[in-house]
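Hi,

Here is the structure I promised to pass on. Have a look at it first, and then read on for what turned up.

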Amino acid sequence: MEDTSHPRINRRELLVYGAGVPVVAHCEAAPQETNAMNPAPVPHVESAHRVSLQVNGKARHLELDPRTTLLDALREHLHLTGTKKGCDHGQCGACTVIVDGRRLNSCLTLAVMHGGAQVVTVEGLGTPAAMHPMQTAFVKHDGFQCGYCTPGQICSAVAVLDEIKQGIPSHVTHDLMVRPMSSADELRERMSGNLCRCGAYANIVDAISGVAGGSA
Amino acid sequence: MKSFSYERARTPAEAAALAARAPAASRFIAGGTNLLDLMKLQIETPAHLIDVNGLGLDRIEATAMGGLRIGALVRNTDLAADERVRRDHGVLSRALLAGASGQLRNRATTAGNLLQRTRCPYFYDVNLPCNKRSPGSGCAAIQGSSRSLAVLGASASCIATHPGDMAVAMRVLDAEVHTIRPDGGTRTIPIADFHRLPGDSPHLETALEPAEFITAVTLPRPLGGTHIYRKVRDRASYAFALVSIAAVVQRDGTGRLAAGGLAARPWRTDTADAAMASGSKAAAEALLAGAKPTQENAFKLVLTERTIGAVLAQAKG
C-alpha cells in the first residue's frame, strides 16, 4: 500500500525548500562555491557532515551522513563494538552510553546532534587489565549470561549510581523531597530500560548494590 | 531511514522561519526519542530536520504570577528533579517519573513529550490502514486489537490515545503552551486546547499551525494539596498507561483530576472535579460520561473508577 502519511512536497515548496538549504552548508560543511551571476537552480545538499566528538577521552573527527545514529558512528565508524545494537528502537537499552555525564540510548540519537560532546562507552570505563568497579562487580556477581546486554547494563548502572548521588528521584522514590537511596527497589526501577533476555536481573541488582555499598 | 538534510537553528524565531520554507517536509528535532524511532520505521519521512537543541530553552524560571516557566528543551529528567517542581507541582514530577526509562527521560524534552505520537499498534504497522498515518486509508484498530485504545472522544476515523504521562499532569495543573510562529508572532495555548480530538482528521493532533514552534510551558501558581499520579500498566515499569490518574486533592476532599490512556488528549471534566468529594463512583461516572468503549477496552471504565478510588484513598493517607 502506498504510504501517504505526509503530504507530497509540491513544486513550489521544493523550490522554496531547496533555496534555504545552503544554510546547511554554511553551518556544517565546507562552504560551497557560489556564483552570484549563475546561481544553481537546485543547490547541492551536503550529504556528509563533519562531527567532532570526545570518545573515551580521545578527540575523534568524522564525516557522516546525517542519518548516522550515535550508535552506528561508534560501532561502524570508530569500531568501538563494545556498545551493542539490540532492538535499534530504544526499547532494550543494549546501546546505552554516557554522553556529557548522562546515559542515553545511542540508537535513538543522531551523531550530528552531538558535536563537541563527551561520550563514554564500555571501552572507556575500564580495560581488561584495569576494570571499572562496576565491571568487576558484574564479573563477581555473575551479572550476565550471554553478555550481549552487558555493556549497556554496565554503562546504565554507572550512570544510575550517579543519578542517585545527584538526588534525582525515581518512580519508586517514596518522598520526592527526601534524597533517594540505592535500595534494590530503586535500582530495579532505574534499570528498567535495560532488558536482559537471559534473565540475569537478580545478579545485576546484586552487582550494582555491591558497588553502591562499596563492597564490590 | 529516508535521507534528509539537516541544519541547526540558532533562535526560536529562526527555527520557525526555517520550518516555514517547507512545513510538511520539515521536522524539528530535540531529544529525537520518538521521531527517530518513527523515521526508522518510515512512518515519519521528513526531507529536512531542524535541530533545535542549541536554542537555550533549557531553563526553568519563576514567573511573576508565582508559577514556573519551563523551557521547551528542559529534559524530562531535569523537570522531574527540579526542586520547585518536586515541592510545589509534585504530580508533574510523579507523571514524568512514571514514563519511559531513565535513558529516554535524559533525552526527551518538555515540548517533544507533548508532541509524541500515539503508540496505537496500527499506526506503527505500515502494512495496515491508519487514518492518522495515511489519511483516508481507514482505521484497522476499531475492529482490531483495541485493548489499549480510546474509550472517550474517539471517532469513526480513529481510536488512538495520546500515550504520554506528562501532559496528563499538565492538564490537571492548567498549564499553558507558548509558541512562536514563522512571522515572529507569539501565542499561548491552554493545555486543554492543545491536543485535538480525532474527528475526521486524526492526522492533525495538536492546535499547532504548520511551522509553529513551542518555546515554553508555564505552570500557574502552586495549588497546594496532595499531588498524586497513579499509573496502571501491564508492567511495573517502562510501559505505557492503560489508565492513569493525575490528581490534586485538598484536605476537604475537593480537588481536580485528569485521566490518561482514555483518549487522544488528557481527559478532564468540570463535573468530575466537582464530584471528587462525593467519592470515586461519582467522579468516575462524571469523568466517563459519553464513553464508547470497544469490547476489548471496556475494562478501562471499571479500571478508571478503581484507580480514582485508589487515588482518593491515598490522598486521605
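Before the helices, one term: a crossing is called left-handed if the near helix is turned anticlockwise from the far one by less than a right angle, and right-handed if it is turned clockwise. Keep in mind, too, that this is a predicted model.

Now for two helices in chain A. Helix H5 (residues 133–140) of chain A packs against helix H8 (residues 201–212) of chain A at an angle of about 135 degrees, and their axes are 8 Å apart. That angle makes H5(A) oblique to H8(A). As for handedness, H5(A) passes H8(A) in a right-handed crossing. On the H5(A) side, the contact is made by Pro133(A), Met134(A), Ala137(A) and Phe138(A), while H8(A) brings in Ala207(A), Gly210(A) and Val211(A). Sorted by class, the residues of this contact are six nonpolar, one polar and no charged.

Next, the place where the chains meet. How many residues does the contact take from each chain? It takes 46 from chain A and 45 from chain B. Among the elements that give two or more residues to chain A's side are helix H1 (11–20), strand E4 (102–105) and helix H6 (150–165) of chain A. That side of chain A has 21 nonpolar, 16 polar and nine charged residues.

Last, have a look at chain B. Strand E2 (residues 26–29) of chain B runs parallel to strand E3 (residues 48–51) of chain B, and four bridges join them.

Cheers

Notes:
Residues are numbered from 1 along each chain as its sequence is written. Chains are lettered from A and ligands numbered from 1 in the order in which they are written. This is a predicted model: local features need pLDDT of at least 70, side-chain atom pairs count only at pLDDT 80 or more; totals for chains, interfaces and linings use all residues. Axes are lines fitted to C-alpha atoms, for helices over the stretch in contact, and angles run from 0 to 180 degrees between N-to-C directions. Angles under 35 degrees count as roughly parallel, over 145 as roughly antiparallel, 65 to 115 as roughly perpendicular and the rest as oblique. Two residues are in contact if their C-beta atoms, placed from the backbone, lie within 7 Å. Ala, Val, Leu, Ile, Met, Phe, Trp, Tyr, Cys and Pro count as nonpolar, Asp, Glu, Lys and Arg as charged, and the others, Gly among them, as polar. Two strands pair if DSSP finds at least two bridges between them.
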